[in-house]
Amino acid sequence: MMRSSFLVPGGYGRAAKAPSGALVTIVDLRGRQAGDFVAVAAADVTEGLSGVETRRHVLSLYIKIGDCLLSSRGRPMFEVVADTIGVHDYTVPACDPTRYEVDFGVAGHRNCLENMAEVLHRFGVDGLEVPEPFNLFQSSRSFPAAAPP
C-alpha cells in the first residue's frame with residue numbers, strides 16, 4: 001500500500017493524486033482551521049467533487065459516516081469512513097480576491113480559490129473549473145447549534 005503525507009501551510013494549497021480505493025485522511029493538526037477540499041477525476045478533470053450532487057444524494061446539509069460524496073456527474077468519488085469532527089460545510093463557495101477586497105477592504109490577499117487553482121493547474125485544471133469546496137472542519141451555521149441528524 002502506498003502511503004504519503006504532507007502538511008498544507010495556512011494560506012496555501014497542496015494537491016496530490018489518490019488512486020481509486022485509496023484511504024484519504026485529512027487532519028486539522030492545530031484545531032480551529034478550516035480546509036477547503038476539492039477533488040477532480042483523473043480521467044476527466046472537468047468532473048469534480050460536487051456539493052450539489054452530494055446534497056441531492058444524502059438529502060442533508062450534513063455529511064456523516066457512511067455517506068457517499070458524489071461527482072458533478074453523480075458518480076461516487078468518496079465514502080466517509082470516519083469523522084471525529086461531525087460538522088463540515090459544503091454550501092459556501094471558496095473565498096476569492098473580490099471577497100477580500102469588497103468585504104474586507106484587503107486587496108491582493110491570498111485566498112482559497114487562487115490557492116486551489118494554483119496547485120490544480122499542474123493536473124490540467126483551468127482556474128475557472130475549480131470545483132466548489134467541501135470546507136472541512138468549518139461550521140457555517142447561522143442559527144443556534146444543534147446536533148447534526
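Predicted model: local features only at pLDDT ≥ 70, side-chain atom pairs only at ≥ 80, totals over all residues.
Visitor: What makes up the secondary structure of the chain, and how do the elements run from the N terminus on?

Guide: By that definition the chain has 3 helices and 4 strands. From the N terminus on, they come in the order β-α-β-β-α-α-β.

Visitor: How many disulfides does the rule give?

Guide: The count is 0 disulfides. Cys-112 is in none, and the nearest cysteine sulfur, that of Cys-95, is 3.2 Å away.

Visitor: Why is Cys-112 called partly exposed?

Guide: The relative accessible area of Cys-112 is 24%. Buried means under 20% and exposed means over 50%, so Cys-112 falls in between and is called partly exposed.

Visitor: What share of the residues of the chain count as buried?

Guide: Of the 149 residues, 29% count as buried. The chain exposes about 10200 Å², and carbon and sulfur atoms supply 55% of that area.

Visitor: How do you know that the radius of gyration agrees with a compact globule?

Guide: For 149 residues, a compact globule would have a radius of gyration near 15 Å; the chain has 15 Å, so the two agree. The C-alpha trace spans about 40 × 40 × 30 Å along its principal axes.

Visitor: Where do the charges lie, taken as two sets?

Guide: There are 14 positive and 17 negative side chains, and the centres of the two sets lie 6 Å apart.

Conventions
Residues numbered from 1 in each chain as written. Heavy atoms only, no water. Disulfide = S-S within 2.5 Å. Buried < 20%, exposed > 50% of the residue type's maximum accessible area, 1.4 Å probe, protein only. Helix = DSSP H or I, 4+ residues; strand = E, 2+ residues; numbered from the N terminus. Rg over C-alpha atoms; globule rule 2.2 N^0.38 Å. Areas by Shrake-Rupley, 256 points an atom, 1.4 Å probe, with all protein chains shown as cover. Lys, Arg positive; Asp, Glu negative; His and termini not counted. Charge placed at Lys NZ, Arg CZ, Asp CG, Glu CD.
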